[in-house]
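Biologist: I have a chain open here and would like to go through it with you. Can you take my questions as they come?

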Amino acid sequence: MATEKSGIIIEKNPPESTLTQLGVRSWPKWELIPPSKFPWTFSVKESCYLLEGKVKVYTDGSDEAVEIEAGDLVVFPKGLSCTWDVSVTVEKHYYHHE
């Protein structure tokens, strides 16, 4: 079941059937973002599936973090400005919606 927080949609541990239906395993891979903190703005809507890692995402103007981790299927809306605080190295599949 997906939840929404600060415009970010998160589905914890979706079934393999959902991942297969979306074609997640064929999406490009963004590999190994080491622990770090950096600003990011999504220029397009992005879906991603975290293979590894743990991140706190702080949307601009909010002190409340959205936590995502390995096994999460996440959708970030186009135009979202945020700060990524990576505590455990991240590897993810991602898809940019047109």
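This is a predicted model: local features need pLDDT of at least 70, side-chain atom pairs count only at pLDDT 80 or more; totals for chains, interfaces and linings use all residues.

Biologist: How many helices and strands are in the protein chain?

Modeller: The protein chain has 1 helix and 8 strands. Helices (H or I, at least four residues) and strands (E, at least two) are DSSP runs, numbered from the N terminus. The order from the N terminus is β-β-α-β-β-β-β-β-β.

Biologist: What about the radius of gyration?

Modeller: The radius of gyration of the protein chain is 13 Å, which agrees with the value near 13 Å for a compact globule of 98 residues. The radius is taken over C-alpha atoms, and the globule rule is 2.2 Å times the number of residues to the power 0.38. Along the principal axes, the C-alpha atoms fill a box of roughly 35 × 25 × 25 Å.

Biologist: And what percentage of the residues count as buried?

Modeller: Of the 98 residues, 38% count as buried. Buried means under 20% relative accessible area, exposed over 50%, and partly exposed in between (1.4 Å probe, protein chains only). The accessible surface of the chain is about 5,600 Å², with 52% of it belonging to carbon and sulfur atoms. Those areas come from the Shrake-Rupley method with a 1.4 Å probe, and for residues only the protein chains shown count as cover.

Biologist: Which contacts join residues at least 24 apart, as a percentage?

Modeller: Among contacts between residues at least 6 apart in sequence, 76% join residues at least 24 apart. Contact means heavy atoms within 4.5 Å.

Biologist: Let's look at V74. Where is V74 found?

Modeller: V74 is in strand β7, residues 72-76. V74 counts as buried because its relative accessibility is 0%.

Biologist: Which residues is V74 in contact with, leaving aside its neighbours within four places?

Modeller: V74 is in contact with I8, I9, I10, E46, S47, C48 and I68.

Biologist: C48 is a cysteine. How many disulfides does the structure hold?

Modeller: The structure holds 0 disulfides. C48 is in no disulfide, and the nearest cysteine sulfur, that of C82, is 11 Å away. A disulfide here is a pair of cysteine sulfur atoms within 2.5 Å.

Biologist: Are those two cysteines buried or exposed?

Modeller: C48 counts as buried because it has 0% relative accessibility. C82 is buried too, with a relative accessible area of 2%.

Biologist: Switching to T83. Where is the place of T83?

Modeller: T83 is in strand β8, residues 81-96. With a relative accessible area of 22%, T83 is partly exposed. The C-alpha atoms of T83 and T41 are separated by 8.5 Å, and the two are 42 residues apart along the chain.

Biologist: What is A65 in contact with?

Modeller: Leaving aside neighbours within four places in sequence, A65 is in contact with K5, K56, V57 and Y58. A65 lies in strand β6, residues 65-69, and counts as buried at 16% relative accessibility.

Biologist: Now the loops. Which phi does S6 have?

Modeller: Phi of S6 is near 55°, a positive value in a residue other than glycine. Most residues other than glycine have a negative phi. S6 is in the loop between β1 (2-5) and β2 (8-12) and is partly exposed at 36% relative accessibility.

Biologist: And N13?

Modeller: N13 also has a positive phi, about 45°, although it is not a glycine. N13 is in the loop between β2 and α1 (16-22), and is exposed, with a relative accessible area of 59%.

Biologist: How far is N13 from S43, C-alpha to C-alpha?

Modeller: The C-alpha atoms of S43 and N13 are separated by 26 Å. S43 is in the loop between β4 (36-41) and β5 (46-59), and S43 counts as exposed at 58% relative accessibility.

Notes. Residues are numbered from 1 along each chain as its sequence is written. Side-chain values use heavy atoms; hydrogens and water are left out.
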